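Please follow this structure step by step, with the sequence and the model side by side. The paragraphs below move from strands and helices to single residues.

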Amino acid sequence: MAAEAPPIPAPPAPPGRSIVLVGMPGAGKSAVGRRLAARLGLPFLDADTEIENAAGLTVAEIFARYGEAHFRDGERRVIARIAAGPPVVLATGGGAYVDPRTRRVLREAGAVTLWLRADIPVLKRRIAGRSNRPLFIGRDPEEVLQGLINARYPFYAEADLAIDCGEDTPEVTTIRAERAIGGWQRPARLPVALSANPYEVVVGTGLLARAGGLLSPHLPSRRVAVVSDASVAALHLPTLRAGLEEGGFDIRAEVTVPPGEGSKRMGMLEEVLEQVLAAGADRSTTVIALGGGVVGDLAGFAAAVALRGLPFVQIPTTLLAQVDSSVGGKTGVNLRTGKNLAGAFHQPRIVLADTGTLATLPARELRAGWGEVAKHGLLQGPLWEWCEACGPAAMAGDPEALRHAVLESCRLKAGVVAADEFETAKDGGRALLNLGHTFAHALEAECGYDGTLLHGEAVAVGLGLAAALSARLGHCAQEWPGRVMEHLAAVGLPARIGDLPRSFSAEALIGRMRKDKKVRDGTMRFVLLRGAGEAFTTAEVPPEAVEALLRDEGAA
């Protein structure tokens, strides 16, 4: 009996959106596009061919008769028509993606744009002898290519994906392109819908390497100053630098500060300002914060006061910064009196939360970020149940769990900030984001911001105390303090004062709370719970109840 023939593999399912190839003349867009379309089971279209068919003229003839501006306008309309139709693989002309309207049309259509990169020797060899390229007629090809690279690469950098084709055959490049598209996940974009200065929080992986293309549509110029801390800069600044340079950015200054809360002080603010301004920053120079919450607060405050206000971008690299401090525009430094007592509201132009950076975090830093995630869970409700179920996996480094934590935390915070940007609501509003923070800031101030207690660790203890105070005052069921503390302990966070590596005085902590920026008319205000998703602000808290709680939870 003859052996049964192996089953024929099913063709790959066509993607639900068009694939658009961009790049220089000679990069192989048409050759790769045809092969890619066949592998994906999609029609292939060449933008130049479509333009020629519509005009009844060759590209060279359109250039000669009507000029480049006329050609580009027709090219944009043809690409817009194709993008609005069913999915295809589309090869574009070398100058098509330079037009901002074309880039916008493709983004709005949900097309996946893929930049094919090749160096000048490869491009020069591939275009040799081709007489149908108007830009090269009667000119030195190498000189033309270099000029085009200088002019076009900053715009190609806005493509969703990029691969280097080099000396590879079209077949090899096609396989690499298919793999890149198959493994790519579009970053999530969450709007922060402020009335005056709305912006987006972009969440995904690989964003640092694409920073130039992601940032350029949102900034007044391609001049930037980067502020980071020494530890983060060693890990991530080279990738960010390359991403910015690929997008044609001029990095005027790279300022590094020592890691840790100790850098959030007036003296360090002055040093950052001096370095940024000495580098020639003007009012269209953007300050980029690369790092955790300390760097974001410090660089954002510097941007707020330098030249009475510079554009600002947040690129948070810690879990705590990605889920909390990078969104909302609060900036500032600490004073000896307390935390964040000098600062300004200064909203970023965009936030790039590259969740790939979380893989480089020390375990303690990752856990500290979870304090803010848990806070958001308690504020939102269903997110709290997810935290209880998936928190241990996230703290073990599960990338999908971490991505979900960042996405949902940013979604919650964006909504709260949009409704109460300057924290002026009489009750509730943005102040709810301070759940656990009245206690946390007092604990941090008592530690002197020396690294003994990380902000997220202090927030974790503060959440336990807020839940316990809520239960003592009869606002929530008695099970809630234990439930909150049990979850925090399960992910490796301190859950009560007694878990911390030093002792505290209840009297000193209450003294710190009385100087907190949330105090009104000398009265302490707290965010308390009725349950997950049911937080509220109140000043109706007897000081003696707070003191008794602190002593019962481990303060002297």
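In this predicted model, strand β12, which covers residues 330-335, pairs in the antiparallel sense with strand β13, residues 338-345, and five bridges hold the pairing together in the assignment. The two strands form a hairpin, with two residues between them.

A nonpolar patch on the surface brings together Leu-335, Leu-341 and Met-266, whose accessible area together is about 220 Å².

From here the reader can turn to the open sheet of seven strands, whose order is β6-β7-β14-β11-β10-β8-β9 and whose pairing is mixed. At its edges lie β6 (188-192) and β9 (250-257), each of which pairs on one side only. Neighbouring strands of this sheet are turned against each other by 15 degrees on average, when direction is ignored.

Within this sheet, strand β8 (residues 223-229) runs parallel to β9, and seven bridges join the two. Along this pairing, Ser-228 stands opposite Thr-256 in β9. Helix α10, made of residues 230-246, packs on the sheet and touches β8, β9, β10 (286-291) and β11 (312-316), while its direction makes about 160 degrees with that of β8. Helix α11 also packs on the sheet, where it touches β8 and β9, and its direction makes about 160 degrees with that of β9.

Most residues other than glycine have a negative phi. Leu-307, although it is not a glycine, has a positive phi of about 50 degrees, and this residue is found in the loop between α12 (293-305) and β11. Tyr-449, likewise a residue other than glycine, has a positive phi near 55 degrees, and it lies in the loop between α17 (437-447) and α18 (455-472).

Are these two residues buried or exposed, or something in between? Leu-307 is partly exposed, because its relative accessible area is 33%, which falls between the limits of 20% and 50%. Tyr-449, with a relative accessible area of 14%, is buried, because that class takes in values under 20%.

Key. Residues are numbered from 1 along each chain as its sequence is written. This is a predicted model: local features need pLDDT of at least 70, side-chain atom pairs count only at pLDDT 80 or more; totals for chains, interfaces and linings use all residues. Side-chain values use heavy atoms; hydrogens and water are left out. Patches are made of residues with over 30% relative accessible area and no salt bridge: like charges are joined within 9 Å, nonpolar side chains (Val, Leu, Ile, Met, Phe, Trp, Tyr) within 5 Å. Accessible areas come from the Shrake-Rupley method with a 1.4 Å probe; for residues, only the protein chains shown count as cover. A salt bridge is a side-chain nitrogen of Lys or Arg within 4 Å of a carboxyl oxygen of Asp or Glu. Two strands pair if DSSP finds at least two bridges between them. Helices (H or I, at least four residues) and strands (E, at least two) are DSSP runs, numbered from the N terminus. Axes are lines fitted to C-alpha atoms, for helices over the stretch in contact, and angles run from 0 to 180 degrees between N-to-C directions. Contact means heavy atoms within 4.5 Å. Buried means under 20% relative accessible area, exposed over 50%, partly exposed in between (1.4 Å probe, protein chains only).
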